[in-house]
Amino acid sequence: MTASLLIIPAVLIVAALAGYATYLLLQLRKQNQAKAKAEADYQQQLKDKQNSVIADIRYIAAAMLEDRCELSEGVMRIARLFEVALLTERVSNHYPNLYTHFECIKDHPIREQRKALPKQERMKLDLARMKSESALEAPILKEAESLQHFELAKFSH
C-alpha cells in the first residue's frame, strides 16, 4: 500500500514534466518557424531591392548609350548602385573599364563641395576626369551595352 501511495505522486510528477516538456517543444517549434519566416521575408526584401537596383542600372546604361546621361555620371551611379545591392565584388571584374573610371572619379566632390573648391583644383579634377573619359569611353560604352541586359543569375556564386 505504501508503494502504491508513492507511485501515484511519481506518475503525476512524470506526467507534469512530460506536459511541460511538450509545451517547451511546441514553443521552440513556433520560435523556429517565426525565425525561418523572418529570414525568408528578409531574403525576399533583399531580392526585391536587388531587382529594383538592377532595373535602375539597366536604365542608366541605356541612357548612357543614348547620350541622355554623361559618361562619368552614369559610371558613378552604376557603381554606387552595385554597392547598394552588395554586388560590387561579384561584378567589378566583369566591368573593368567602368570600375577603372570609377576609381578615378569616385572621390571627386559634387554640388556645393565642388563649388567651394578653388578654380585650379576644379580644373585639375576635370582634367583627370576628361583624360579617363577619353581613354575609356568606347570600352565603357561597350560595357554599358552589356549592362542593359544585366542578369544577376549570371553572377551568382
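## What "buried" means here

A residue is called buried when its relative accessible area is under 20%. Keep that in mind while looking around this predicted model.

Let's start with the aromatic rings: the structure has 4 aromatic pairs. One of them joins Phe82 and Tyr95, whose rings are stacked, with 6.4 Å centre to centre and 15 degrees between the planes. This pair ties together distant parts of the chain, 13 residues apart. Phe82 sits in helix H2 (residues 71–84), while Tyr95 lies in the loop between helix H3 (88–91) and helix H4 (96–105).

By the cut-off above, Phe82 and Tyr95 are both buried.

Now for another pair, Tyr99 and Phe102. Because Tyr99 and Phe102 are 3 residues apart in helix H4, about one helical turn separates them. Both Tyr99 and Phe102 are buried.

## A look at Ser132

Over in helix H6 (residues 119–147) you'll find Ser132. Is Ser132 buried or exposed? Its relative accessibility is 11%, so Ser132 counts as buried, since the cut-off is under 20%.

And what does Ser132 touch, leaving out residues up to four places away in sequence? The answer is His101 and Cys104.

Definitions and conventions
Residues numbered from 1 in each chain as written. Predicted model: local features only at pLDDT ≥ 70, side-chain atom pairs only at ≥ 80, totals over all residues. Heavy atoms only, no water. Helix = DSSP H or I, 4+ residues; strand = E, 2+ residues; numbered from the N terminus. Buried < 20%, exposed > 50% of the residue type's maximum accessible area, 1.4 Å probe, protein only. Contact = heavy atoms within 4.5 Å. Phe/Tyr/Trp six-rings, centres within 6.5 Å; stacked < 30°, edge-to-face > 60°.
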